[in-house]
Amino acid sequence: MRVTQEQIQNHNESVAGSHERVFSALAEQIGGQGKDVKKMISQIAAFQVAVPSWALGAGGTRFGRFSIGGEPGTLEEKIEDVGLLHALNRSSGAISLHIPWDIPEDTAAIRRLADEHGLVFDAMNSNTFQDQTGQNCSYKFGSLSHTDAAVRKQAIEHNIEVIRYGEALGSKALTVWLADGSDFPGQQNLRKALGRTRESLEQIYEELPADWRILIEYKPYEPNFYSMVIPDWGTSFLLASKLGEKASTLVDLGHHLPNTNIEQIVATLMMENKLGGFHFNDSKYGDDDLTTGSVKPFQLFLIFNELIEGFKNTIETLTADVAWMIDASHNVKDPLEDLLQSVEAIKTAFAKALLVDRTKLTEAQETNDPALAQEVLQDAFQTDVRPLLREARIQSKGAANPIHLYRDLQVREQLIKERGTQTVATGL
Ligand SMILES: [Mn+2]
């Protein structure tokens, strides 16, 4: 199914009057604060967030999975779904694939299809956290860190294969997330496991094309509950520093212990030029799969506040410099609606951070005035920027209200008609 420009146009005309009223009031208010509204809108419009291929079907927990019907059963259908999202919000112009869940049989045809939908291929993701049928060695006790050289070799070769697929598709990055670790004290020699991981990563790094990057993700626990080989940003940063310029750290918002100051990690990585990318999601306790901004929108704003401070002169190239991706997959919402909400939350935080009065904030910081600093941040955070995002979408030929239009057009019902109720998207 495709959403046509005519359908979007009709929808936008139906809300034009009410949108115009709130937008001009907000534009006047922001303009009055000395901000260039036009420039802000073009920055918001340019900001693209990649959608992972595994977020398009219903997620599951280890207790169960509830199909939503009409899920994409093939890579082509996954591209079609991201194309739908992008047509609606004009902000999801990239897809991130996972090998072996999304092996492209005909890379040229897949690339053409993505191009037709206005999509590019974001970072490629390898998978050495589960065994595939016919695989020689098992990853039960790790992959790149495994005690057995044969297992490490298999995992290294898999990562190189993922790079080759990515090259054929025009991707420019490989994201490595390792489930490696141990469940029990004493199970693993912690120092040796990290050393072996580093050696394996070095071999993968050697195979990276000149214009590629490797992004190293970290996670404090799960699936291993005593130790993870790359548990935190410091370990990822250490590995990325040892590997070289093409290696950097990937921050998955859900991969932190409760109350971790993620914005400070982001600032530190930017200072060292090692911030490679994001996986956006949210969490309340320890889960990393809730909709971005659904639980902690203020934290998301503070992260973007640091990002804009760090990238202030290059906001236009943010999409090129950093890999922005959603990484969430839960059990209860229509995943396409969930992704529209996630992108909206990310861009809302971005827009609010653009509103921060940087001169005043610097002044508050330099004069040690925490009350003033709070005022400055709250002035931006409490501003309802939704009309700005809507205007950016309308100007980009997207829908004023993507979820309203999605429901009006009965997209899910159409997808169920086309694909049936029993399809299951590949993934966990
Ligand atoms: Mn992730």
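Modeller: Happy to! Two strands pair if DSSP finds at least two bridges between them. Helices (H or I, at least four residues) and strands (E, at least two) are DSSP runs, numbered from the N terminus. Please keep in mind that this is a predicted model, in which local features need pLDDT of at least 70 and side-chain atom pairs count only at pLDDT 80 or more, while totals for chains, interfaces and linings use all residues. Residues are numbered from 1 along each chain as its sequence is written.

Let's begin with the sheet itself. It is open, has 6 strands in the order β6-β7-β9-β11-β12-β13, and its pairing is parallel. At the edges are β6 and β13, each of which pairs on one side only.

Strand β6 (residues 124–125) and β7 pair in the parallel sense over 2 bridges, and N125 stands opposite T175 in β7. Strand β7 (residues 173–176) is covered on both faces: A173 and T175 lie on one side, L174 and V176 on the other, and all are buried. Here a residue is buried if 20 or more other C-beta atoms lie within 10 Å of its own, exposed if 12 or fewer, and partly exposed in between, with C-beta atoms placed from the backbone.

Moving along the sheet, strand β9 (residues 213–217) pairs with β11 in the parallel sense over 4 bridges, and I216 stands opposite T249 in β11.

Now for the helices. Helix α5 packs on the sheet, touching β6 and β7, and its direction makes about 145° with that of β7. Axes are lines fitted to C-alpha atoms, for helices over the stretch in contact, and angles run from 0 to 180 degrees between N-to-C directions. Residues are in contact if their C-beta atoms, placed from the backbone, lie within 7 Å.

Helix α5 (residues 149–169) also meets helix α6 (residues 190–206): their axes come within 9 Å and cross at roughly 35°. The contact is made by R152, A155, I156, N159 and I160 of α5 together with R196, S200, Q203 and I204 of α6.

Helix α8 packs on the sheet too, touching β11 and β12, with its direction at about 165° to that of β11. Which residues of helix α8 (residues 262–271) are buried? They are I262, I265, V266 and L269. Seen down the axis of α8, these buried residues fall within an arc of 100°, so they line one face of the helix; the arc is that of the directions from the helix axis to the C-beta atoms. They pack against α7 (233–243), β11 (247–252), β12 (275–280) and α9 (297–310). After α8 comes N273, whose phi is positive, near 55°.

Definitions and conventions
Two residues are in contact if their C-beta atoms, placed from the backbone, lie within 7 Å.
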